[in-house]
Amino acid sequence: MSSNKPDLKSVADCVSLLMVFAFLLLFFTPELMLSSTTTTGGDMGSHFAPAHYLKNYLLPHGKLIGWYPHWMAGTPMFQFYFVPPYLLMSVLSSIMSLEVAFKLVTVLGIFLLPFASYFCMRAMGFRFPAPAIAAGFATLLLFNETYSQWGGNIPSTLAGEFSYILSFSLTILLIGTLYMGIERNRYVVPNAVLLALVVLTHIYTGIFITAAALFFLLVGGRSRNLAYLFKVFFLAGLISGFWTIPLLAKIGFSAAPKDVFYGFPSLDRFINPKFTLFYFLAAASVGVGIKNKDRRIMYLLWAIFSLTVLILFIKYVNLLYIRFTPLIYFIPLLMAAETLGQVSRNLKARWLLPLIVVLFTLIWVNYGVSGVISEVGTSMGFKDAGLWFTKADSRVTELTGVGFSNFVSTGVTYIPSWIKWNYEGLEAKEGYETFMELNDYLRQGNLSGRVDFEYSDTYNRFGTPRLFEVSPVFSDRSVMESLLLESSLTFPFFYYMQREMSQTAWWPGFPIEMPSFDPDSGLESLRIYNVQYFVAVSEKTKEVLDEKEGFRLLKEMGEFRIYAVNEDSQYVEVPEREPVLVVTDDWKTFCYDWFSSGHRDVPLVFTPYPSEYDLSNFRIIVLDKPVILEDGGRQIFYPEEMEAALNSSPSIEVGCSVEEKLTEEEIRIKTDCIGRPLLVKVSYFPNWRVEGAEKVYMASPSIMLIIPEREEVRLYYGETLADQVGNISSILGIVIVFYWLLTRNRRFREGIHLRLLGFMGYERVNGFIEESKSRFRDWIEVVILRAEKNWKILLLAVVLLIILSGAFVYLNERRACDVFCRSRGFSHGEKYLRSEVIDHFDLGFAHVGDNKKHDLICTAACDESRDDMVYVSGGFVEFDMSIVQGEDNTLILTMWDNANCRSGDLYINERFATRVVGNGKFNWKDFEFKIDKKYADSSKIRVRLEHVDRECYGWDVSDAYIRVPDCICY
């Protein structure tokens, strides 16, 4: 007999979730979120441009990925970024404005995380009240104000990481549903769809869930688990193939910079001090879980272990470890929720516990620990309890340097103002009228080229420092700025130009010499990308440009001055001199060197494998890899002879005309320059195809070159083989998902489905598959059984493998030592070189003995008579050092570790190697740099240390050393 009495536990769960939802609504008010204004704030404001382009161009043309011509000389939009959030914005914009849809999707992940936490815990079998408490604990991470770039919290989301928080929330849900699916051997298709969404919304979360899933291959039922995971990951791979397959195939054509933001992870990257109390609760859960052999806790522990490994080692594949830290902060909160759930098992009226804990958590988050003490104290009659705690904590902090508040929530501070700043919109900012006036002027301008803007921190008053990245939406003009920096090969060269044309600008750390303010050189750089409008904002820049030839003032509005530049430039031009063909796999390095050289009138054209067509069209060739060429009157050079190759390029007499027409994904050219090279000032990408010419070349620094064979030439953004394979993969995956959905219908399953299986010979195929699986399981069991019986032999084999590996390493190092020893003339006797110093260059003051520092590179007014200073004119010093030929060597520079005015560039054999930057620890430190084998083509190298900022006083460096592995010379 059923009872009509309500389930108090379900009611408590629902009320708890509603409390969290209402708490979030207190900050993200409907008044802000439903107003049709253009979102601003950090990177967030720039994201509106991709959403606008997807809705108004890509989707109407039946595409999710395409070419966006309005950023950084062209960007493959969504080729290297995440399309699902923008697709959802476009879908929602059919029933509301795109501006409102954009706002709702950017906060979707924030509102989803508490619910994802709840259902994750439910799916893993954690009993009441742990799931509801976990939903409340989700707000601890969301409102964490200790960082604003890594993702997973509200500040990061407001800064532009809304795709990450969405993927983060889906990942938390997938942790639970994957566990449930494996336990029940069900839900393959739903988990595969969820996994595909995780990967498509952020790649870092996809990497994590892959590592976490390995847990199921270490516990019981390995063969069954392996089969389950294979199905899930295979189907997810099919569904996401339209994006992942081209991504992997074209990753070399992205421009990811060196990680200049974070060094090696320190302890505070693994532990958030603000969660100290919850770590104790999580530890209790771990203890109980280990005692009871709870696979759920072991699973979460493995997830933490996986994240630790990823944080420590992900740098070796050039990814940012910092993206995994929000996950390693959050998973212990789930364990802490389980601890409270266990404690409440024998409590009376335990249905009240989630309500109390969630309410307490929300107060804790909003007011901080002092606020909680105040509320509790007031309820008990102690009105000044919160004030007493604050004073006591201040006193403890004063005495010890660390107060209690370092380890607990201090309440919400800046988040409400950030939310208001973002979502009140561009239209509410003081400079909105000026911004729109500027865009209107550019839209109506007569010049057809691109627009570039001086870098300035003052733009934030308009709503975002990246204001002009959204300018194309309003002006319909292409700008050199871009949000998705890594998506375009023009990334490093754009920032080079910003340094040339701005008083200050960010420098991302590319291996290219950083320039200083130089409008003459900048004008030439802007021409390479057909920039015809330059907008200056700083007074100094405007004063200089007003007097510079080549800059014609067009308009002044507010603090902005618009100048016409390169007025005779075109998007398609005949180069001044004949291009040089470079046969190489390392075209990026050549582009960096070329852009900072004095030979930018000679384009470099790149190919890894020259064809007869290539060789017939280029008379000057630089070989960076072994290629056998027949004698054909060509001039052959090598990389070290690049300057001679560029100097040998003859001028091109133009004498022909070029007409151009550019649309979003097409360039039409009408020309009588048949057989002559034409530079196309659009960023290169493998998808570009051509009609009327043989092929599209990549040309320095990041643009394209064609040799027309007809008067009318058409370049268009097409598909590569990887795109086609990826599209087929996704279509197949989607068909499987829809077919699975149809089989949920009984009539379809008993009718069409069974007939289709019979037609396909399903019984025979399935029998073969089951037999193969059985044989595989038997083989695995035999292998495991034999391994257990013959563990001594296996151990011996492992030991022998280690010995052989060691012998190989020893012999390889011995060969290097022999080469080195012979180069030093050691022919008899015994000479030990124990990984110490094979060469030392004394740069000046002996700081070790008397603990003083000196200035090596002095670029300001220097007193040359001082004995603690080495005066070097020109701001650099060069010296030769001996190395082991043909092997990796280590260069060690002993320098004063001070980030202020103590940075410089390191060159090896005249080639830029790296940027040397201190981190402000203010002590002497050894900086180590690996000298790659490519520099070790002789027994000596030339080291050059060049000061970056010529206005700084100096750069402290004491000694330079070369180290090699242990060597014994006979």
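Is Glu578 buried or exposed? With a relative accessibility of 17%, Glu578 counts as buried, where buried means under 20% relative accessible area, exposed over 50% and partly exposed in between (1.4 Å probe, protein chains only).

A word on the ground rules: this is a predicted model, in which local features need pLDDT of at least 70 and side-chain atom pairs count only at pLDDT 80 or more, while totals for chains, interfaces and linings use all residues. Residues are numbered from 1 along each chain as its sequence is written, and side-chain values use heavy atoms, with hydrogens and water left out.

Glu578 has a salt-bridge partner in Arg619, at 2.0 Å from N to O; such a bridge is a side-chain nitrogen of Lys or Arg within 4 Å of a carboxyl oxygen of Asp or Glu. Arg619 sits in the loop between helix 26 (612-617) and strand 10 (620-623), and Glu578 in the loop between strand 7 (572-573) and strand 8 (580-583), so the pair ties together parts 41 residues apart in sequence. Helices (H or I, at least four residues) and strands (E, at least two) are DSSP runs, numbered from the N terminus. Arg619 is partly exposed at 49%.

By this rule the count comes to 28 salt bridges. Among them is Arg561 with Asp546, whose closest N and O atoms are 2.4 Å apart. Arg561 belongs to strand 6 (residues 560-564) and Asp546 to helix 24 (residues 539-547), so this pair ties together parts 15 residues apart in sequence. Here Arg561 is buried at 15% relative accessibility, whereas Asp546 is partly exposed at 36%.
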